[in-house]
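User: Could you take a close look at one part of this structure for me, the helix and what its side chains get up to? I'd like one connected walk through it, with the cut-offs spelled out.

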Amino acid sequence: CIRDRYQRRVHGVAEGCSAIKARYDKTNQELADLRLLVHQEYLGVFRRLYKTLGQLCYKKKKKKKKKKTLR
């Protein structure tokens, strides 16, 4: 009788730990997915800004050349 109660308690604790581990794994995966999404958003912003910078540098060089040829 005592052994049965002990085994049920051990089984209950093991189930609880298993449930906690499953919840942890699910939460960890959700966080990894969110980190990836945020990283992709930042990468998109960086690419747009980098492209804009390239365009501005090109325009600046073009203006400099135009001024040089007008002199």
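Predicted model: local features only at pLDDT ≥ 70, side-chain atom pairs only at ≥ 80, totals over all residues.

Analyst: Let's start with exposure: a residue is buried under 20% relative accessible area, exposed over 50% and partly exposed in between, using a 1.4 Å probe and protein chains only. Residues are numbered from 1 along each chain as its sequence is written, and side-chain values use heavy atoms, with hydrogens and water left out.

Now for the rings. Phe, Tyr and Trp rings (the six-membered one for Trp) pair if their centres lie within 6.5 Å; planes under 30 degrees apart are stacked, over 60 edge-to-face, and the rest tilted. The structure has one such aromatic pair. The ring centres of phenylalanine 46 and tyrosine 50 sit 5.7 Å apart with planes at 25°, so this pair is stacked. Both belong to helix α1 (residues 2-70), where four residues of spacing puts about one helical turn between them. Helices here are DSSP runs of H or I, at least four residues, and strands are runs of E, at least two, numbered from the N terminus.

Patches take residues with over 30% relative accessible area and no salt bridge, joining like charges within 9 Å and nonpolar side chains (Val, Leu, Ile, Met, Phe, Trp, Tyr) within 5 Å. Leu43, Phe46, Tyr50 and Leu53 make up a nonpolar one, with about 430 Å² of accessible area together, by the Shrake-Rupley method with a 1.4 Å probe and only the protein chains shown as cover. Leucine 53 is in helix α1 too, and is partly exposed at 48%.

A salt bridge needs a side-chain nitrogen of Lys or Arg within 4 Å of a carboxyl oxygen of Asp or Glu, and the count comes to one. Aspartate 25 pairs with lysine 21, their closest N and O atoms 3.0 Å apart; the two are four residues apart in helix α1, about one turn. Aspartate 25 is partly exposed at 36%, and lysine 21 is partly exposed at 47%.

Finally, the span: the C-alpha atoms of lysine 60 and glycine 12, 48 residues apart along the chain, are 71 Å apart. Lysine 60 lies in helix α1 and is exposed at 56%.
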